[in-house]
Amino acid sequence: MREYKIVVLGSGGVGKSALTVQFVQGLFVEKYDPTIEDSYRKQVEVDGQQCMLEILDTAGTEQFTAMRDLYMKNGQGFVLVYSITAQSTYNDLVDLRDTILKVKDTTDVPMVLVGNKCDLEDERVVGKEVGQTLARNWGSTFLETSAKQKINVNEIFFDLVRQINKRTPVNKDKKSKGKSGGQMANTHTSSSSGKTGFDSLQADQAANNQRDKQHCCILL
């Protein structure tokens, strides 16, 4: 079974965690709780193909750690989220995309631009056509979503899988040998436990932090 590493990025409070949890667990998280980094795994079927999605829900752009470039380097597809109720969160994404392209050293990166909170139409400050134009300039997909009403949530991740497959077709020789397991399987990992992928990066960060603390003690 092919694995896909997807990174969800955007300013704090735009609904990155709400979108991710809605997709993975089918729940709407109403209370805003600033994320550090959480990784989720979910098995889905896209166009008849079983896929394992490893999704990294990152901190807001203003809270990025030194591990950010590693997440970008290892990610295969990116969800760039802004809130239609906050112009600044839309503006933040231009620099964010530029950083992704710089780290990946290519302009051809699977990406979906997401205008979240479309259920708050009365509070809208970023027009739909504005998002469409930006996505067109980037050559990426654009979707307006609502984590609360589950509008276009699944479409974000399915579209990314298709984009990744288009750029790097599945090697038929490496298809899963077995067909065990259901159509969907969810796993959420907030802690680091020697796992591969994004979890190993989180383990590295934790180890670095511990070493830093030890060094501080020695210096004192």
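Trainee: Which residue in β3 does K5 stand opposite?
Mentor: E54. Keep in mind that this is a predicted model.

Trainee: What makes β1 and β3 a pair?
Mentor: Pairing takes at least two bridges between two strands. Strand β1 (residues 2-10) is joined to strand β3 (residues 49-58) by 7 bridges. The two therefore count as paired, and they run parallel.

Trainee: How do you know that β1 also pairs with β4?
Mentor: By the bridge rule again. There are 5 bridges between β1 and strand β4 (residues 77-83), and at least two are needed. These strands run parallel too. As one example, L9 has L80 in β4 as its bridge partner.

Trainee: Why is β1 called mostly covered?
Mentor: Of its 9 residues, 8 are buried. Buried means under 20% relative accessible area.

Trainee: Why is V112 called buried?
Mentor: Its relative accessible area is 0%. The cut-off is under 20%, so V112 is buried. V112 lies in strand β5 (residues 111-116).

Trainee: Which residues does V112 touch, leaving out those up to four places away in sequence?
Mentor: F78, V79, L80, T141, L143, I156, D159, L160 and Q163. Take D159. It is 47 residues from V112 along the chain, yet their C-alpha atoms are separated by 7.8 Å.

Trainee: What makes β5 and β6 a pair?
Mentor: 4 bridges join β5 to strand β6 (residues 141-144). At least two are required, so they pair, and they run parallel. In β6, T141 stands opposite V112.

Trainee: Through which helix does the chain cross from β5 to β6?
Mentor: Through helix α4 (residues 128-138). This β-α-β crossover is right-handed.

Trainee: Which residues meet where α1 contacts α5?
Mentor: L19, Q22 and F23 in α1 meet V153, N154, I156, F157 and F158 in α5. By class, this contact has 6 nonpolar, 2 polar and no charged residues.

Conventions: Residues numbered from 1 in each chain as written. Predicted model: local features only at pLDDT ≥ 70, side-chain atom pairs only at ≥ 80, totals over all residues. Heavy atoms only, no water. Buried < 20%, exposed > 50% of the residue type's maximum accessible area, 1.4 Å probe, protein only. Contact = heavy atoms within 4.5 Å. Nonpolar A, V, L, I, M, F, W, Y, C, P; charged D, E, K, R; others polar. Right-handed = clockwise from strand over helix to strand, strands pointing away.
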